[in-house]
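This briefing goes through one protein chain by topic, from its overall build to individual residues. Please keep the sequence and the structure in view while reading.

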Amino acid sequence: MSWLLCLAAGVLTFIASWTVIPGPAIWLVAIGVGGAELSPVFLVASLIVGGLAWRAGGGPRPYSMALTLIAVVIFAVPIARYPSDAPISIRRLVVGLEDTHARITRGVAIDGTATPLTLDIYQPTSLRSSPEPHPILVQIYGGAWQRGAPGDDAAFAATIADRGYVVFAIDYRHAPDAIWPAQIDDVRASLSWIRRHAAGYDADPSRIAVIGRSAGAELAMVAGFTDPGVRAVISYYGPVNLANGWREPPSPDPIGARPVLEAYLGGRPDQVADRYAAASPITHVSSHAPPTLLIYGARDHIVQATFGRALHAALTAAGASAQYVEIPCADHAFDAIPGGLGGQLSLWRTEQFLGAVLKR
């Protein structure tokens with residue numbers, strides 16, 4: 001029994017270590033995300049294992065106690081850095097976001113695109129309906145521009161719909177089969193379709209916000225900064241300057257940043273500089289940019305928080321309205337666990353932002 005407890009302590013310490021060490025492989029990044037996001041759960045587990053190891057005694061006890069002490073200290077850090085004014089739900093930490101009453105329609109075909117695309121629609125139910133059309137949130141998934149589907153981040157979309165929004169989760173063509181500007185063309189075609197058909201879903205085309213994650217955030221920002229009909233933009237850890245991202249790849253580099261960018265844009269910056277510039281949100285910053293919420297993980301080494309800070313500074317210098325939120329101890333794609341600490345904090349800030357910018 002004492003050796004099993006020592007093994008459990010070792011596993012917990014292994015998980016904890018990747019919340020502070022940058023993961024050189026994507027599966028280690030995922031472990032780090034889980035460790036930080038669910039740190040209160042792992043902290044309790046570490047305390048339990050430590051207590052049991054103490055009572056069990058035996059030769060492994062010193063090792064078990066040392067390992068659990070390390071784990072407890074590391075797992076306590078994200079909790080200590082969580083903003084005191086932000087709500088936290090223990091239930092969400094354990095079981096995820098609550099079931100909602102959103103009405104979901106999947107696989108709606110749209111026209112106006114070069115290849116067939118679909119989108120998913122999340123609508124409030126009659127229990128939360130209002131006499132006026134609902135504001136719109138257009139959601140764009142991430143995945144290094146090479147993978148993903150409109151069904152990604154469904155729990156988040158359903159939760160936002162339950163708050164009184166109509167969420168359109170859209171699709172786009174993937175690299176390397178399609179290169180820029182195919183993806184932004186698809187996003188713009190989807191926005192045009194949404195405006196034409198909004199009334200049929202009790203949605204208000206004059207109140208559109210666009211949200212994206214990672215690669216999807218890059219598309220959301222470019223679309224939002226260049227479309228005067230978009231009222232707000234939300235970026236979750238989105239790339240900002242693609243040429244700089246190629247020249248200064250992260251170290252370690254778990255996704256292979258340079259090959260990813262070359263597949264998306266069809267070459268290196270010295271070969272297709274115009275594409276790198278056009279696809280970079282920072283290129284399109286102006287005083288006409290809509291209110292923008294930028295959310296980044298403090299220890300994200302795939303899209304580093306420094307890029308988000310630079311974009312925030314550029315937006316404010318141009319006279320645009322921008323908010324910057326840095327999630328403590330969070331790595332890339334922290335909200336893949338929507339009920340985790342960073343998932344709850346980002347959802348809370350997103351709801352606040354949408355309520356302020358899309359009100360009549």
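Among contacts in the chain (heavy atoms within 4.5 Å) between residues at least 6 apart in sequence, 73% join residues at least 24 apart. The model is a predicted one, in which local features need pLDDT of at least 70 and side-chain atom pairs count only at pLDDT 80 or more, while totals for chains, interfaces and linings use all residues. Residues are numbered from 1 along each chain as its sequence is written, and side-chain values use heavy atoms, with hydrogens and water left out.

**Overall build**

- The chain has 13 helices and 8 strands, where helices (H or I, at least four residues) and strands (E, at least two) are DSSP runs numbered from the N terminus.
- Its radius of gyration, taken over C-alpha atoms, is 22 Å, close to the 21 Å that the globule rule gives for 360 residues, so the chain is as compact as a globular protein of that length; the rule itself is 2.2 Å times the number of residues to the power 0.38.
- Along its principal axes, the C-alpha trace of the chain spans about 70 × 55 × 40 Å.
- Buried residues make up 55% of the 360 residues in the chain, with buried meaning under 20% relative accessible area, exposed over 50% and partly exposed in between (1.4 Å probe, protein chains only).
- The accessible surface of the chain comes to about 14,700 Å², of which 60% belongs to carbon and sulfur atoms; these areas come from the Shrake-Rupley method with a 1.4 Å probe, and for residues only the protein chains shown count as cover.

**Charges and salt bridges**

- There are 26 positive and 28 negative side chains in the chain, and the centres of the two sets lie 5 Å apart; Lys and Arg count as positive and Asp and Glu as negative, whereas His and the chain ends are not counted, and the place of a charge is taken as NZ of Lys, CZ of Arg, CG of Asp or CD of Glu.
- A salt bridge is a side-chain nitrogen of Lys or Arg within 4 Å of a carboxyl oxygen of Asp or Glu, and by this rule the count comes to 13 salt bridges.
- Glu98 and Arg92 meet through their side chains in a salt bridge of 3.0 Å, N to O; Glu98 is partly exposed at 32% relative accessibility, while Arg92 is buried at 12%.
- Asp186 forms a salt bridge with Arg173, with the closest N and O atoms 2.9 Å apart; Asp186 lies in helix α7 and Arg173 in the loop between β4 and α7, so the pair ties together parts that are 13 residues apart in sequence.
- Asp186 is itself buried, with a relative accessible area of 1%.
- The side chains of Asp335 and Arg213 form a salt bridge of 2.6 Å, N to O, and this pair links distant parts of the chain, with Asp335 in the loop between β8 (322-327) and α13 (341-357) and Arg213 in strand β5 (residues 203-213), 122 residues apart.
- Both Asp335 and Arg213 are buried, and salt bridges that share partners join Asp153, Arg213 and Asp335 into one network.

**Helix α6 and its surroundings**

- Helix α6 (residues 154-162) is mostly covered, 7 of its 9 residues being buried, among them Phe156, Ile160 and Asp162.
- The buried residues of α6 pack against β2 (117-123), β3 (134-140), β4, β5, β6 (232-236) and α13.

**Backbone features in loops**

- Most residues other than glycine have a negative phi, and most peptide bonds are trans.
- A cis peptide bond joins Trp180 and Pro181, with omega about 15°, and Pro181 lies in the loop between β4 and α7.
- The peptide bond from Ser251 to Pro252 is likewise cis, with omega near 0°, and Pro252 is found in the loop between α9 (242-247) and α10.
- Tyr237, in the loop between β6 and α9, has a positive phi near 45° and is buried, with a relative accessible area of 3%.
- Cys329, in the loop between β8 and α13, has a positive phi near 65° and counts as buried at 11% relative accessibility.
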